[in-house]
Amino acid sequence: MVRTIHLTPDEVQHFVSVTSKCDFDIDISYNRYIVDAKSFLGVYGLDLRRPLKVSYDGYNSEFEELLKRFSVAS
């Protein structure tokens, strides 16, 4: 599954905290840069002024709620 989100620098720590609780891989990307969404430095190093794509194959209710909160309107 792929979702598009927008994060501010202040939201990165909370995002990584929630993704770290998931028992499946989660990638977050911008252009050609792909990082592990469970890595604070990886996520913080992305261009947070741009929409980010989150790719994952699993389900966690807290993670889904987080994605809804940060999702970009299509």
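Trainee: What share of the 74 residues in the protein chain is buried?
Mentor: This is a predicted model. A residue counts as buried when its relative accessible area is under 20%. Among the 74 residues of the protein chain, the buried share is 35%.

Trainee: In what order do the elements of the protein chain run from the N terminus?
Mentor: The protein chain has three helices and four strands. Read from the N terminus on, their order is β-α-β-β-α-β-α.

Trainee: Why is the protein chain said to be as compact as a globular protein of that length?
Mentor: For 74 residues the globule rule gives 11 Å. The protein chain comes close to that value, so it is as compact as a globular protein of that length. Its radius of gyration is 11 Å.

Trainee: What percentage of the contacts with a separation of 6 or more joins residues 24 or more positions apart?
Mentor: A contact here means heavy atoms within 4.5 Å. Of the contacts in the protein chain with a separation of 6 or more, the part from residues 24 or more positions apart is 64%.

Trainee: Which residues do ring pairs link into a cluster?
Mentor: The structure holds four aromatic pairs. The cluster linked by ring pairs consists of F24, Y56 and F63.

Definitions and conventions:
Residues are numbered from 1 along each chain as its sequence is written. This is a predicted model: local features need pLDDT of at least 70, side-chain atom pairs count only at pLDDT 80 or more; totals for chains, interfaces and linings use all residues. Side-chain values use heavy atoms; hydrogens and water are left out. Helices (H or I, at least four residues) and strands (E, at least two) are DSSP runs, numbered from the N terminus. The radius of gyration is taken over C-alpha atoms; the globule rule is 2.2 Å times the number of residues to the power 0.38. Buried means under 20% relative accessible area, exposed over 50%, partly exposed in between (1.4 Å probe, protein chains only). Rings of Phe, Tyr and Trp (its six-membered ring) pair if their centres lie within 6.5 Å; planes under 30 degrees apart count as stacked, over 60 as edge-to-face and the rest as tilted.
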